[in-house]
Every structure is written in C-alpha cells, then in structure tokens.
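The sequence and structure come first.

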Amino acid sequence: NEKALEDYNVAISKKPSAEYYINRGAAYARLGRMPEAMNDFSKGLELDPKWKVGYLNRAITYQAMGDFQHSFEDMDAYLKLDPFEPDMWYEAGRCLRAINRVADAIPYYSEAIRLNPRHGLAYLERGRTYQSLGNMEAAQADLEKARSLGQNVQPENPMMQK
C-alpha cells in the first residue's frame with residue numbers, strides 16, 4: 001500500500017484523474033488513514049461524479065467509521081449509476097436500519113432479492129426487519145427462506161422454533 005501511494009502520487013502529479021484519486025484513497029483506507037482516504041474519494045468524485053467506485057469506496061469507509069447516514073447516501077448515489085448490484089441494495093438496507101429508518105429498508109432488501117433470488121442475507125435481514133415492524137407472517141416466510149439458502153437463523157428466535 002505504501003508503494004501504491006507513491007505510484008498514485010506520481011500519477012496524480014502527471015495527470016490528476018478521478019480514478020487515481022479514488023484508488024489512492026483506497027490505499028489510504030487500507031492503511032487506516034481515513035481522513036486522507038475520504039479527501040481523495042471526495043476529490044475523485046468532484047472530478048468525475050459518475051465514477052461509481054468512488055461512491056462504493058467512500059460508503060465502505062463511512063461504514064467503517066460508523067457513519068451510516070453518509071454511507072447510505074453514497075450507496076444511493078452508486079445505485080443511481082448502477083441499479084443492478086444486489087449487494088449494494090442489501091448494504092443500503094442495512095444502513096437504513098442502522099439509522100432507524102427501518103421500514104424504508106424493506107424495498108432495498110426486496111430489490112436485492114429481485115436481482116438475486118438466492119441472496120440469503122437479504123432474506124434474513126428483510127425477515128428481521130419485518131419482525132421488528134410486527135409483520136410476523138412476512139418475517140416467518142423470509143426467515144425460512146434464509147435458512148433454506150444456508151443462513152444461520154438463530155434457533156432461539158421464537159419464530160423459527162419447530
């Protein structure tokens with residue numbers, strides 16, 4: 001990562017580009033240098049607001065820092081550029097739950113499932129979300145589907161006891 005930083009510094013000095021800034025930001029993040037990573041992600045996105053990897057990297061970094069609101073905003077920006085990535089829909093749903101927008105998470109999990117019907121984690125989290133909203137029938141169906149897809153649905157969950 002240190003060598004990568006040196007290479008990106010040279011590349012940026014010769015031809016600043018969104019790709020170079022965002023890649024250097026990823027190297028900073030891997031080194032735990034979050035403020036520098038965030039500066040580079042933001043600079044890269046300023047140069048090219050359609051560079052979706054910048055939103056992805058910055059969203060991951062925001063999550064690592066516990067800032068789920070900004071992480072969600074970057075995931076949403078990514079999804080506007082590429083709405084066909086089920087894992088981003090799933091992660092955006094998780095962020096919404098983390099910022100207490102529980103009901104808003106359901107459509108995000110549902111889209112992840114629509115795009116990848118075997119996305120067991122999306123079924124698991126949508127089931128937990130339905131459960132927290134009091135929709136026990138939908139929760140039961142999703143938790144059973146998650147289990148059938150290999151997810152560990154905790155046996156102490158009263159809905160899953162046989």
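The text below takes the ring pairs, then a glutamate beside them in the account.

The model is predicted: local features need pLDDT of at least 70, side-chain atom pairs count only at pLDDT 80 or more, and totals for chains, interfaces and linings use all residues. Residues are numbered from 1 along each chain as its sequence is written, and side-chain values use heavy atoms, with hydrogens and water left out.

Rings of Phe, Tyr and Trp (its six-membered ring) pair if their centres lie within 6.5 Å; planes under 30 degrees apart count as stacked, over 60 as edge-to-face and the rest as tilted.

| Pair | Centre to centre | Angle between planes | Class |
|---|---|---|---|
| Trp-89 and Tyr-108 | 5.3 Å | 40° | tilted |
| Tyr-90 and Tyr-109 | 6.0 Å | 45° | tilted |

Trp-89 lies in helix 6 (residues 86–98) and Tyr-108 in helix 7 (residues 102–115), so their pair ties together parts 19 residues apart in sequence. Helices here are DSSP runs (H or I, at least four residues), numbered from the N terminus. Tyr-90 lies in helix 6 and Tyr-109 in helix 7. Trp-89 is buried at 16% relative accessibility, and Tyr-108 at 14%; buried means under 20% relative accessible area (1.4 Å probe, protein chains only). Tyr-90 and Tyr-109 are buried too. Ring pairs link Phe-72, Trp-89 and Tyr-108 into a cluster.

Glu-125, in helix 8 (residues 120–133), is buried at 11%. Leaving out residues up to four places away in sequence, Glu-125 touches Tyr-90, Arg-97 and Tyr-109, where contact means heavy atoms within 4.5 Å.

Notes. Helix = DSSP H or I, 4+ residues; strand = E, 2+ residues; numbered from the N terminus. Buried < 20%, exposed > 50% of the residue type's maximum accessible area, 1.4 Å probe, protein only.
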